[in-house]
Amino acid sequence: MSKRSVLLILCAVLLSLCLSGAAAEESRIVVWRVTAPVINAEALQTETFGTDLSAVQEEKREYDSLFWSLTGEGIPFCGIDHNRGAENMQARFDIYRHADAGEERTYYYNLDTWNAIPSESGFDAPRAAETLSEAQGLLERLGLVTDTVAPAPVSFSSLGRMEGTTPCRKVVYALTLEGLPVRWSAELLRDDGPTRPVILIDPCYVTVTYSDEDGLLMLEGNWCSFEPLTRSADVLSPEDALTRFRQAGLISTADGLSAPEACWLLSVSGQEATATLAWRVGNSYLSAVDGTWLQTEN
């Protein structure tokens, strides 16, 4: 085979690769299957009890839930559990190493409104970056960070303003999928007691609290994982979405809104949950896949 023929073949191969790459870039995942994440149970226990797990007792509970504690003791403990009907869609997990009150130190880490120190809270606070880095590493060890799913910090607070409390630091994260927030169908979040849906979902947040004296105090959260279902190169633009919101009377030109929020809306059909790429204004969601209304605010 001549050098010219070899070069022609190589050029054809490279062109084919470029075209296929361009085609892949034009499409994106627009629908995901929502699944329960795999929490690293060993890491969860190690963060709670330390490296010696010989005294840790495991207890199996309803809805495929697991609970770990030290034999004959209360705190510290940790667990992985699920809401009824959502065993394959979401996991709830926690670590409690120290109570907020009743031990050697009083933290009141759940009384943010009364116990937060405003001058030491917010992402520009002196210890915010340090705490975020520490918490991010913890979430990575637990398996909550993947190529597509990441925690986005929502708030940072320094607590300890109330008399008799020991200072602690608290960070809250929300789940993002491919960099976009995950929102939830109003029906799934409803809690009407006996009349609530068979499947009940919690918002995907993680709260982590530390103190200088005791290290990790508490972690609790709800989290999901996602598997790709549908790809599309034809996605509704923000301009077209804004027009449809106006046509539906959900916003007016006087609102001054330049674009709706891009997000994922989680919904359930039967025993399967999906996250659909959507445009949101208020509590109304327009599918970015086919332009149908996924939820409207009443």
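Hi everyone! Let me start with one definition: a residue is called buried when its relative accessible area is under 20%, exposed when it is over 50%, and partly exposed in between. Please keep in mind that we are looking at a predicted model.

Staying with strand S13, let's meet arginine 280. Glutamate 261 forms a salt bridge with arginine 280, and their closest N and O atoms are 2.6 Å apart. Glutamate 261 lies in strand S12, residues 261-269, and arginine 280 in strand S13, so this pair ties together parts 19 residues apart in sequence. Glutamate 261 has a relative accessible area of 23%, which means partly exposed, and arginine 280, at 22%, is also partly exposed.

Now for a pair with opposite labels. Aspartate 212 and arginine 169 join their side chains in a salt bridge of 3.1 Å, N to O. The aspartate is in the loop between strands S9 and S10, and the arginine is in strand S7, so the bridge ties together parts 43 residues apart in sequence. Is aspartate 212 buried or exposed? At 53% relative accessibility, it counts as exposed. Arginine 169, however, is buried at 7%. Both belong to a network of salt bridges that also includes Arg127, Glu130 and Glu134. Across the whole structure, a search finds 16 salt bridges.

Next, please find serine 287, in strand S14. With a relative accessible area of 2%, this serine is buried. Its side chain reaches the backbone nitrogen of valine 289 at 3.0 Å, and a polar contact of 3.2 Å joins it to the side chain of aspartate 290. Beyond its neighbours within four places in sequence, serine 287 has contacts including Leu236, Thr276 and Leu294.

Last stop: aspartate 64, in the loop between strands S2 and S3. This one is exposed, at 60%. Leaving out residues up to four places away in sequence, aspartate 64 touches Ile80, His82 and Glu87. Glutamate 87 is 23 residues away in sequence, and the C-alpha to C-alpha distance is 7.0 Å.

Terms used. Residues numbered from 1 in each chain as written. Predicted model: local features only at pLDDT ≥ 70, side-chain atom pairs only at ≥ 80, totals over all residues. Heavy atoms only, no water. Helix = DSSP H or I, 4+ residues; strand = E, 2+ residues; numbered from the N terminus. Buried < 20%, exposed > 50% of the residue type's maximum accessible area, 1.4 Å probe, protein only. Contact = heavy atoms within 4.5 Å. Polar contact = N/O pair within 3.5 Å; in protein donor to acceptor, adjacent residues only side chain to side chain. Salt bridge = Lys/Arg side-chain N within 4 Å of Asp/Glu carboxyl O.
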